[in-house]
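Dear colleague,

Please find below the structure that I am handing over to you.

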Amino acid sequence: MKKQTLLAIALSVSAFSFSQKGELKLADKAIKKANFAEAKTALSQVEPMLESLDEKSLSKYKYLKGAALFSAGAGSKEDMAKSLEYLDQVKDNNTYKVPVRLLKEEMAKKFLSDGNEAYENKKFAEASTNFEGVYNLRPQDTTYLYYAAATAINAKDYKRALPLYEKLKNLKYTGVETKYYAVNGKTNEKEAFPNKQLRDASVKAKQHNSPTQETSPSKRADIVKNVALMYISNGEKDKAILAIQDARTENPEDVNLIISEANIYYEMGDTKKFKELLETATQKDPNNAELQYNLGVISAESNDIESAKKYYAKAIELNPKSINSYINSAAIILDAEQALIEEMNNLGSSAADNRRYDQLKAKRHGLYQEALPFLTKALEIDSKNVNAASTLMNIYSALGETAKFKEMKALVASINAGN
């Protein structure tokens, strides 16, 4: 009796094991026919006795479970996340290495397609999640981690963005890319190529000529700056400074990193350190008009008017179309008008007061004459700059230049009507 009982149990287990393998075959066939609901039903029959499966069968189950949850891209985001968990647990690399890799690539394409669509529709939070999904499946493609971080910023989800940017920072991601170009022999237009090999092959075949290549600027400074700014928004100023200083230790000559650190101090209200760092950056990049302009701004805010004038003048020299430098140059000149007006208003009616009034009036008109060229040039660069036009209108009115006043008044009305 004991032998018969043992035999019955053995037969029962064997039959159940056979049944499990049969269900796995059914699930496999259903998936190949894209009948994912049927596959899930078959797999549910296997799940109560997973512990009894051998390693190969367990790997098959996990692969099939991942495929069924993914459902050729029709699965929900939660199902896709679970699908990836199952695929990562597949241990039988000999049989399932290629199928798992191909399925993960399908998932990556789905995440990328959904991410691009969400981005185009300005659904930045959704885009960020999808781009991170691409990165998780293709960790070598760090560009998608950058996209995930940048779109999280667009969505104003700084809690999510910070760890993504920190990961980029720790990976030393730069985003620097080399793009390859050549001129089409028929159209004579410059065209881009996906890689150097294709470009060179086309040039060799004489379909294109004049090959060139361009290197995109590094995103490193922006990444570190964003990390630091998010620390500041969290009230963690010490971490913000450490983040930027770590990056500068790696690249002490990187002007963009120096500017980023300067901006961090500006955000913290430390204008002295801000100006000090900008001056350091200017020494390393003396032909940077934007740096000169920013030094002009901070000098003006510090009431160092003469330095501000020099910095604005240098910015204009380096970039004759620096419209803000022209407008700010006029602004700091006209700021001196207020003190003259106050003194004029406080004068009496004596002969001495009248003489002083005339002197102050002449000084006031002198300020107008000094500011005029800057405002005129600003309007020349941007004919719809209402600030420049309005200020010129007021100056011409004060100077008694009626024709020019009317011209500016009409221009201001036209600009306002178009806005």
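This is a predicted model: local features need pLDDT of at least 70, side-chain atom pairs count only at pLDDT 80 or more; totals for chains, interfaces and linings use all residues.

I begin with the interior. In soluble globular proteins, nonpolar side chains tend to be buried together. Here the largest nonpolar core comprises 69 residues, and Ile31, Leu43, Tyr63, Leu64, Met107, Tyr165 and Leu168 have the most contacts inside it. Helix α5, which spans residues 93-120, contributes the most to this core, namely eight residues. Apart from this core lies another one of 27 residues, including Ile327, Met344, Leu375 and Tyr396. As for Met107, its contacts beyond four places in sequence are Phe70, Met80, Ser83, Leu84, Leu87 and Leu137.

Ser299 also deserves a look. This residue belongs to helix α14 (residues 289-301). Ser299 counts as buried because its relative accessible area is 0%, under the 20% cut-off. A polar atom of its side chain lies 2.8 Å from the backbone oxygen of Leu295. Further along the sequence, beyond four places, Ser299 is in contact with Lys275, Asp304, Ser307, Ala308 and Tyr311.

Finally, the backbone angles. Most residues other than glycine have a negative phi. Lys206, however, has a positive phi near 65°; this residue sits in the loop between α9 (196-204) and β3 (208-215). Lys206 is exposed, with a relative accessible area of 75%. Ser210, in strand β3, likewise has a positive phi, of about 50°. Ser210 is partly exposed, at 45% relative accessibility.

With kind regards

Technical notes. Residues are numbered from 1 along each chain as its sequence is written. Side-chain values use heavy atoms; hydrogens and water are left out. Helices (H or I, at least four residues) and strands (E, at least two) are DSSP runs, numbered from the N terminus. Buried means under 20% relative accessible area, exposed over 50%, partly exposed in between (1.4 Å probe, protein chains only). A polar contact is a pair of N or O atoms within 3.5 Å; within protein, one must be able to donate a hydrogen and the other to accept it, and residues adjacent in sequence count only if both atoms are side-chain atoms. Contact means heavy atoms within 4.5 Å. A nonpolar core is a set of buried Ala, Val, Leu, Ile, Met, Phe, Trp, Tyr and Cys residues joined through side-chain atoms within 4.5 Å.
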